[in-house]
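Hi everyone, and thanks for coming. Please have the picture ready on your screens, and we will walk through it together.

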Amino acid sequence: MAEIKIKKKTTIWPWILAILAVLVILFIMFFANDDDDGTDDVSDDTSEMVTDDVNQSMDNSTYVISDTAISEISEYTTFVNKDAEMGLEHEYANAALNKLIEATESIANSLNVNISSDLETARKNAESITDDPLDLTHADKIKNAGSIVVDALRNIQSQRFPNMETEVGEVHDALVAIIPGEKTLEQTATVKNFFNEAGQLLTNMKNK
Amino acid sequence: MDTDNKKNLYYLEELSDYTVADNDKDVRGWEVKDKDGRAIGTVDNLLVNKNTERVVYLDIEVDTSIIAANHKPYNSRVKDGGHEYLNEDGENHFILPIGMAHLNLESEIVFTESINHQTFAETKRMKKGTPIHRDYEVLVLDSYVRNEHADPYPKDDKFYDRAEFNRK
């Protein structure tokens, strides 16, 4: 006796459709990524600043300001915000500059920014203020040291805080306002304004 | 024939999503021989019961010798009020229950051990592709079995539990 069974045909269309669907998804994913790359490429070509900003924003999210830097910034801002006696201007300026240099160096190290500024020269300028309290070139030394610090702060800002260009500009303007060759005592407010602006910038960076 | 019966058999070609199982033979095109080795015809199609997913009949295109014999179809139920049939021109197919067929795999021949040429010639035929209903199945089965007592058959798929449809 014979027996012949039948079976349902194996329908391959659902499999073909499934494979096609997977291929389409992979194709879309591949070109979606490719488009992203393309966008980056365009940014590279058209505006290096834009790409830098993107990278900086990304980098900034991966770096955390260290407790040491926060402490240094707080120490500096506390110092410059208190109503210091400018009668002791050489000691005040020296201390303020040193604390500003320390805070700047700390935040740069904390954010892994190579500031490549000659902070040692800035320190020597700050130190020399105390050598001769009667020297009339204190404003020059403050400005020289301040200039090195502003360069460093601008470096940090451009790499990690692209939105703080204005604040850095304000610090720079405050520094420019200090008149070389003029007695520091006669431009106390201008010098203090520079220190305050620098403190504000550092505080903003700390709180970002 | 009563054509109001519910359709329970399908030509395999009607079921586009079905095919012969991998381990079984598709005997379409195979020659069919009677118990004496005489040519009966060729397997033209397979009739399947969809519920049990198996072939229950071979649809055979008969050899010209069957038609030439010109026998009147056997019908044991005429005396019980059954209708008398004739084989008409163009009716050159009949069905063979799968349990009554044997396969010679080497020669690709279907043969039967219990039905001779004359019995086949006395079996009611139909035209190619005619829908198969239970009345015709009973008529054919009666012809092959030739039981003096025409017992009633089940109307459902239990009909195919008979020996004539038995699995090997």
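The expected span here is 1.5 Å times one less than the number of residues. Helices are DSSP runs of H or I with at least four residues, strands are runs of E with at least two, and both are numbered from the N terminus.

Before going on, a word on the ground rules. This is a predicted model, in which local features need pLDDT of at least 70 and side-chain atom pairs count only at pLDDT 80 or more, while totals for chains, interfaces and linings use all residues. Residues are numbered from 1 along each chain as its sequence is written, chains are lettered from A and ligands numbered from 1 in the order in which they are written, and side-chain values use heavy atoms, with hydrogens and water left out.

For the complex, the predictor gives an ipTM of 0.80 and a pTM of 0.49.

Back to helix 8 of chain A. Which of its residues are buried? They include Val191(A), Phe194(A), Phe195(A), Leu201(A), Leu202(A) and Met205(A). Buried means under 20% relative accessible area, exposed means over 50%, and partly exposed is in between, using a 1.4 Å probe and protein chains only.

Helix 7 of chain A, residues 165-176, passes the length check too: its 12 residues should span 16 Å at 1.5 Å a residue, and its end C-alpha atoms are 16 Å apart, which agrees. Here Val168(A), Gly169(A), Val171(A), Ala174(A) and Leu175(A) are buried. What covers them? The cover includes helix 6 (138-160) and helix 8 (188-207) of chain A.

Now zoom out to the whole of chain A. There are eight helices and one strand, and along the sequence the pattern is β-α-α-α-α-α-α-α-α. Of its 208 residues, 39% are buried. A contact means heavy atoms within 4.5 Å; among contacts in chain A between residues at least 6 apart in sequence, 75% join residues at least 24 apart. Chain A exposes about 11,600 Å², with carbon and sulfur atoms supplying 55% of it. Those areas come from the Shrake-Rupley method with a 1.4 Å probe, and for residues only the protein chains shown count as cover.

Chain B has three helices and eight strands, in the order β-β-β-β-β-α-β-β-β-α-α from the N terminus on. Buried residues make up 46% of its 168 residues. Chain B exposes about 8,600 Å², and carbon and sulfur atoms supply 42% of that.

Next, the rings. Rings of Phe, Tyr and Trp (its six-membered ring) pair if their centres lie within 6.5 Å; planes under 30 degrees apart count as stacked, over 60 as edge-to-face and the rest as tilted. By this rule there are 11 aromatic pairs over all chains. One of them joins Tyr57(B) and Tyr160(B), edge-to-face, at 6.5 Å centre to centre with 80 degrees between the planes. This pair links distant parts of the chain: Tyr57(B) is in strand 5 (residues 54-62) of chain B and Tyr160(B) in the segment after helix 3 (134-145), 103 residues apart. Both Tyr57(B) and Tyr160(B) are buried. Tyr160(B) also pairs with Phe159(B): their centres are 5.3 Å apart and their planes at 85 degrees, so this pair is edge-to-face. Ring pairs link Tyr57(B), Tyr153(B), Phe159(B), Tyr160(B) and Phe165(B) into a cluster.

Charges can sit over rings as well, which here takes NZ of Lys or CZ of Arg within 6 Å of the ring centre and within 35 degrees of the ring normal. Lys99(A) has its charged end over the ring of Phe79(A), 5.6 Å from the centre, and Arg146(B) has its own over Tyr74(B), 4.1 Å from the centre.

Finally, two backbone details. Glu53(B) is not a glycine, yet has a positive phi of about 50 degrees. Glu53(B) lies in the loop between strand 4 (39-49) and strand 5 of chain B, and is partly exposed, with a relative accessible area of 32%. Asn70(B), also not a glycine, has a positive phi of about 55 degrees. Is Asn70(B) buried or exposed? Asn70(B) is exposed, with a relative accessible area of 67%.
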